[in-house]
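User: I am new to this structure. Please pick a single part and look at it closely, then show me how the rest of the chain relates to it.

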Amino acid sequence: MSAEGPTPAEPPAPIRLVVADDHPVVRDGLSGMFAADPAFEVVGEAADGAEAVRLTMSLAPDVVLMDLRMPGVDGATAIARLAEAGSPARVLVLTTYDADSYVLPAIAAGATGYLLKDAPRAELLRAVRAAAHGEAVLSPAVAARLMDQVRPAAPALLSPREHEVLTWVAAGATNREVAARLLISEATVKTHLLNVYGKLGVGDRAAAVAEAFNRGLLTPRRASES
């Protein structure tokens with residue numbers, strides 16, 4: 001070891017970034033924010049999706065910060081084109097829209113992350129760092145929407161036949177009348193009603209009808225159908 005001591009480690013290379021947004025003020029604001037941090041280097045700015053694709057393919061950034069609603073080629077289309085071209089750049093969507101019609105196409109096209117423009121500065125910086133390392137980054141609102149898409153639907157409380165029987169009972173039909181209308185036996189009607197009582201936690205038909213209305217399982221319109 002020399003008398004001068006160990007050589008200091010080289011600082012990590014900055015994360016190279018392309019900012020794509022059709023609003024000049026937004027682009028300037030984002031570029032200035034990242035330029036102020038030595039951990040980042042803004043290598044290009046694009047005003048639409050087509051330009052974002054061209055700059056990404058020529059400049060090879062680590063991350064593309066991509067708006068979605070832009071003239072000409074929109075953000076989701078640009079993301080898909082970059083994926084088709086084999087670009088290794090990570091795309092982090094930054095937009096004001098969190099509706100399914102925006103979120104799902106962008107994620108399906110290959111976006112690494114999806115943030116809203118009201119994200120705090122520190123969160124945005126962390127998100128770009130995470131995206132550069134291939135980590136998925138989602139705003140809480142977007143994560144909740146994706147969870148809703150993949151979460152299986154809750155099973156119906158009543159079976160279709162149980163619901164049909166209860167609908168006729170709510171309309172004032174007797175067990176015999178229900179049996180005649182549905183072409184089943186009275187015993188079967190009673191069995192369906194017992195199942196309904198158990199599922200709704202009630203002990204008789206009047207309570208079953210009331211509880212079904214309370215839970216939104218029956219509506220006045222349907223109960224009055226004949």
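Analyst: Start with a cut-off. A residue is called buried when its relative accessible area is under 20%, exposed when that area is over 50%, and partly exposed in between. Take Glu45 as a test case. Glu45 has 33% relative accessibility, so this residue counts as partly exposed. One caution belongs here: the model is predicted.

Now the part itself. Strand β1 covers residues 15-20. Strand β2 covers residues 40-46. The two strands pair in the parallel sense, over 6 bridges. Between the strands, the chain passes through helix α1, residues 24-35. This β-α-β crossover is right-handed.

Pro12 has 74% relative accessibility, so it counts as exposed. Its C-alpha atom is 7.9 Å from that of Ala39, although 27 residues separate Pro12 and Ala39 along the chain.

Side chains of opposite charge can pair when their charged atoms come close. Glu45 and Arg27 do this: their side chains form a salt bridge, with N and O 3.7 Å apart. Glu45 belongs to strand β2 and Arg27 to helix α1, so the pair links distant parts of the chain, 18 residues apart. How accessible is Arg27? At 13% relative accessibility, Arg27 counts as buried.

Ser31 lies in α1. The side chains of Ser31 and Glu45 make a polar contact at 2.8 Å. Ser31 is buried, at 8% relative accessibility. Setting aside its neighbours within four places in sequence, Ser31 is in contact with Val19, Val42 and Glu45. Glu45 therefore meets the side chains of both Arg27 and Ser31, while being partly exposed itself at 33%.

Follow the chain out of α1 and it runs into a loop. Asp37 is in the loop between α1 and β2. Which residue does Asp37 pair with? Arg129 forms a salt bridge with Asp37, the closest N and O atoms being 3.6 Å apart. Here too the pair links distant parts of the chain: Arg129 is in helix α5, residues 121-132, and lies 92 residues from Asp37. The ends of this bridge fall in separate accessibility classes. Asp37 is buried, with a relative accessible area of 15%. Arg129 counts as partly exposed, at 33%.

How many salt bridges does the structure hold? There are 8. Another one joins Arg215 and Glu211, with the closest N and O atoms 2.7 Å apart. Arg215 is partly exposed at 41% relative accessibility. Glu211 is partly exposed as well, with a relative accessible area of 22%. Salt bridges with shared partners also join Asp21, Asp67 and Lys117 into one network.

Most residues other than glycine have a negative phi. Ala60 is not a glycine, yet its phi is positive, about 50°. Ala60 is exposed, at 52% relative accessibility.

Leu183 is in the loop between α8 (175-182) and α9 (186-200). Its phi is positive, about 60°, although Leu183 is not a glycine. Leu183 is exposed, with a relative accessible area of 77%.

Where do the buried residues of α8 fall? Asn175, Val178, Ala179 and Leu182 are buried in this helix. Seen down the axis of α8, they fall within an arc of 100°, so they line one face of the helix. Those buried residues pack against α7 (160-170), α9 and α10 (205-214). Arg176 and Ala180 are exposed on the other side of α8.

Key: Residues are numbered from 1 along each chain as its sequence is written. This is a predicted model: local features need pLDDT of at least 70, side-chain atom pairs count only at pLDDT 80 or more; totals for chains, interfaces and linings use all residues. Side-chain values use heavy atoms; hydrogens and water are left out. Buried means under 20% relative accessible area, exposed over 50%, partly exposed in between (1.4 Å probe, protein chains only). Helices (H or I, at least four residues) and strands (E, at least two) are DSSP runs, numbered from the N terminus. Two strands pair if DSSP finds at least two bridges between them. A crossover is right-handed if, with the strands pointing away from the viewer, the path from the first strand over the helix to the second runs clockwise. A salt bridge is a side-chain nitrogen of Lys or Arg within 4 Å of a carboxyl oxygen of Asp or Glu. A polar contact is a pair of N or O atoms within 3.5 Å; within protein, one must be able to donate a hydrogen and the other to accept it, and residues adjacent in sequence count only if both atoms are side-chain atoms. Contact means heavy atoms within 4.5 Å. The arc is that of the directions from the helix axis to the C-beta atoms.
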